[in-house]
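Welcome, and please get your viewer ready.

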Amino acid sequence: MASEFRRKGVIVTGAGSGIGRATALAFAEEGADLVLVDINSEANRESLQLVEEIGATAVTVDCDLSREDQVEAMVDTAVKSFGAIQVAVNNAGVEQEVTPLVEQTVETYDRVMDTNVKGVWLCMKYELKHMLGRGQGAIVNTSAMSDSIGSAGMQFYVASKHAVLGLTRSVALEVVRQGVRVNAVAPGPVLTPMLIEHRKRNPELHEMAEAAHPFGRYAEPREIADAILYLASNRSSYLVGQSIKVDGGATVP
C-alpha cells in the first residue's frame with residue numbers, strides 16, 4: 001500500500017541531528033519530499049546525504065529560527081521547491097545546563113526562549129499562512145515531558161516547553177475548522193547528541209535518572225520519530241491540540 005506521505009512536502013526543523021534527523025529519515029522511508037532545516041549547515045548536509053541514500057528528494061535550508069526574515073524565506077523555499085507543504089515538524093530546540101535560578105543569566109534565557117518558543121511561533125506563523133490558504137495540513141511541535149512538570153535547575157527549558165504546549169493548544173483551536181491540525185510530541189530523555197554530551201558532563205545525574213526510569217533506559221530518536229509520523233498522519237485525524245507523552249512512562253502518576 002502506498003504511503004500517504006509519498007511526494008508530500010514535509011518541513012523538519014532541527015533536521016541535522018537527533019530527533020530531527022530520525023524524523024527526516026522516517027519520512028524519507030515513506031517517500032516524502034523533505035525540507036531539511038537547521039542552523040548547522042554541515043550537519044544538515046549529512047542528513048541530506050542520508051535521506052538521498054534512501055531515495056527520497058530533499059532540499060536543505062540553513063536557518064536561524066529566531067530570525068523572522070529567515071523563517072519566512074525558509075517556508076518560501078519549501079513551497080517553491082515542492083509546490084505545497086502538507087506537514088511541518090517544528091522540532092529544533094536547545095537545552096540548558098542545570099543551574100540554580102539565582103545564578104542564571106539573561107544570555108541563557110534569551111538563547112533558550114528564542115529557539116524553543118520564538119522559533120516555534122515564527123515557524124507556525126509562516127507555515128499556517130501557506131496551509132490555511134490550501135485548507136489542509138498537519139503541524140507537529142516538539143515539546144517535552146517537562147511541558148507539564150517541573151525540573152529543578154532547568155527553569156528556562158521547562159518554561160519554554162510549557163510555552164510550546166500553550167502555543168500548540170491555542171493555535172490548534174484557532175485553525176482546526178480551517179483544515180489544519182496542530183499537535184505536539186512530548187519526549188522524555190532521548191539519546192540525541194545533545195543529551196549524550198550532557199550525560200558526559202553530568203554522569204552521576206544521568207546514571208540515577210536512567211536507573212529510576214520505568215524502562216531503565218532513555219529513548220532512541222526513532223521512537224520519537226514514529227510518534228511524530230502518527231501525529232502527522234490521517235490515522236490521528238481526530239487528535240487536535242494534544243501533547244502526546246513519549247517518555248516510557250516517566251510521567252505516569
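In which segment does D247 lie? Select D247 and you will find yourself in the segment after β7 (243-246). Keep in mind throughout that this is a predicted model.

Stay on D247 and show its side chain. D247 is buried, yet has no salt bridge. A salt bridge here would need a side-chain nitrogen within 4 Å of a carboxyl oxygen. The backbone nitrogen of G249 lies 3.0 Å from a polar atom of the D247 side chain.

Now move to the segment before β1 (9-13), and pick R7 there. What is the phi of R7? It is positive, at about 60 degrees, although R7 is not a glycine. Most residues other than glycine have a negative phi. Is R7 buried or exposed? With a relative accessibility of 57%, R7 counts as exposed, because the cut-off for that class is over 50%.

For the last stop, turn to the second largest pocket, which holds about 280 Å³ of space. Select Q136, G137, A138, A232 and N234: among the 15 residues that line this pocket, these are the closest to its centre. Then colour β5 (137-142) and β6 (180-187), the elements that give two or more residues to the lining. Colouring the lining by class instead will show six nonpolar, six polar and three charged residues.

Key: Residues numbered from 1 in each chain as written. Predicted model: local features only at pLDDT ≥ 70, side-chain atom pairs only at ≥ 80, totals over all residues. Heavy atoms only, no water. 1 Å grid on protein atoms, 1.4 Å probe; cavity = no way out; pocket = protein on both sides within 12 Å on 5 of 7 lines; lining within 4 Å. Points joined across faces, edges and corners; volume = space filled by probe spheres on them. Helix = DSSP H or I, 4+ residues; strand = E, 2+ residues; numbered from the N terminus. Nonpolar A, V, L, I, M, F, W, Y, C, P; charged D, E, K, R; others polar. Buried < 20%, exposed > 50% of the residue type's maximum accessible area, 1.4 Å probe, protein only. Lys, Arg positive; Asp, Glu negative; His and termini not counted. Polar contact = N/O pair within 3.5 Å; in protein donor to acceptor, adjacent residues only side chain to side chain.
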